[in-house]
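Dear colleague,

I am passing on the structure we spoke about, and below it you will find notes on what turned up in it. Please read them with the model open beside you.

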Amino acid sequence: MYRNIIGGGAALLMLVACAGDPDAELEVQETPPAAEPAASMDMATETLEAQATFINDQGTEIGTATLTEVSDGVRIDVDLAFLQAGERGFHIHETGTCETPDFQSAGGHFNPTDAAHGFEAPEGPHAGDLENLEVETDDGTARGVRTAEMVTLERGLPNSLFDTDGSALVVHSGPDDYSSQPSGDSGSRIACGVIEPV
């Protein structure tokens, strides 16, 4: 009991002493500011997307492709129609222009590393080389997914599909043999779609 009285009295004396001494300073504990809320995962990991609308050599729209940045490159979802059945070469080309009837305006294959053409070439492939498309016999459609592992949709990088002159997707009249230079002996260009941001 005496200890409680003595302790209380000591505390009271300290308060009185501070009140009587204008130079005395009280130590004040400041409450730290509340932490900023973390940015949402959606903003931190915004998905990069693009699209292409294909035209044939007559300028008629025949399908689309959706491009999405993924962990191992760019995923390309293709949905085409009105093509002759069979295997068709399919590539990303270096210029985002599709002028009929031959689509030569799209330039060569997208190839920022100056590699050889083809998955089977010792010094290949081009960054724009893709696996052939298979056109169905019954309705002339070509649907499927391809992944371009050496490109990105992020602007400002050396392998970006959105460089100064853009890029395009091109379908060829024949299959790519994955080794012949400069474009796999895949024949003429029969469809083209400019890659555009969504």
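A residue is called exposed when its relative accessible area is over 50%, buried when that area is under 20%, and partly exposed in between. Please keep in mind throughout that this is a predicted model.

Let me begin with the charged pairs. Side chains of opposite charge can pair when their charged atoms come close. The count of salt bridges comes to 2. In one of them, Asp-79 and Arg-143 meet through their side chains at 3.0 Å, N to O, and this pair links distant parts of the chain, since Asp-79 belongs to strand S3 (residues 73-80) and Arg-143 to strand S7, 64 residues apart. Arg-143 counts as exposed because its relative accessibility is 58%, while Asp-79, at 36%, is partly exposed. A salt bridge also joins the side chains of Arg-75 and Asp-77, with 2.7 Å from N to O; here Arg-75 is partly exposed with a relative accessible area of 35%, and Asp-77 is partly exposed with 24%.

There is also a negative surface patch, which is formed by Glu-87, Glu-134, Glu-136, Asp-138 and Asp-139. Of these residues, Asp-139 sits in the loop between strand S6 (133-135) and strand S7 (142-148), and its relative accessible area of 42% makes it partly exposed.

Most residues other than glycine have a negative phi, and most peptide bonds are trans. In the loop between strand S5 (90-93) and S6, where Pro-101 is placed, a cis peptide bond joins Thr-100 and Pro-101, with omega about 5°. Phe-103 is found in the loop between S5 and S6 as well, and this residue has a positive phi of about 60° although it is not a glycine; with a relative accessible area of 0%, Phe-103 is buried.

The loop between strand S8 (168-172) and strand S9 (189-197) holds Pro-182, which is joined to Gln-181 by a cis peptide bond with omega about 5°. Tyr-178 is likewise found in the loop between S8 and S9; its phi is positive, near 65°, and at 18% relative accessible area Tyr-178 is buried.

Lastly, Asn-56 is part of strand S1 (residues 49-56) and counts as buried at 18% relative accessibility, and a polar atom of its side chain lies 2.9 Å from the backbone nitrogen of Gln-58.

Methods: Residues numbered from 1 in each chain as written. Predicted model: local features only at pLDDT ≥ 70, side-chain atom pairs only at ≥ 80, totals over all residues. Heavy atoms only, no water. Patch = residues over 30% accessible without salt bridge, like charges linked within 9 Å, V, L, I, M, F, W, Y side chains within 5 Å. Areas by Shrake-Rupley, 256 points an atom, 1.4 Å probe, with all protein chains shown as cover. Salt bridge = Lys/Arg side-chain N within 4 Å of Asp/Glu carboxyl O. Lys, Arg positive; Asp, Glu negative; His and termini not counted. Charge placed at Lys NZ, Arg CZ, Asp CG, Glu CD. Helix = DSSP H or I, 4+ residues; strand = E, 2+ residues; numbered from the N terminus. Buried < 20%, exposed > 50% of the residue type's maximum accessible area, 1.4 Å probe, protein only. Polar contact = N/O pair within 3.5 Å; in protein donor to acceptor, adjacent residues only side chain to side chain.
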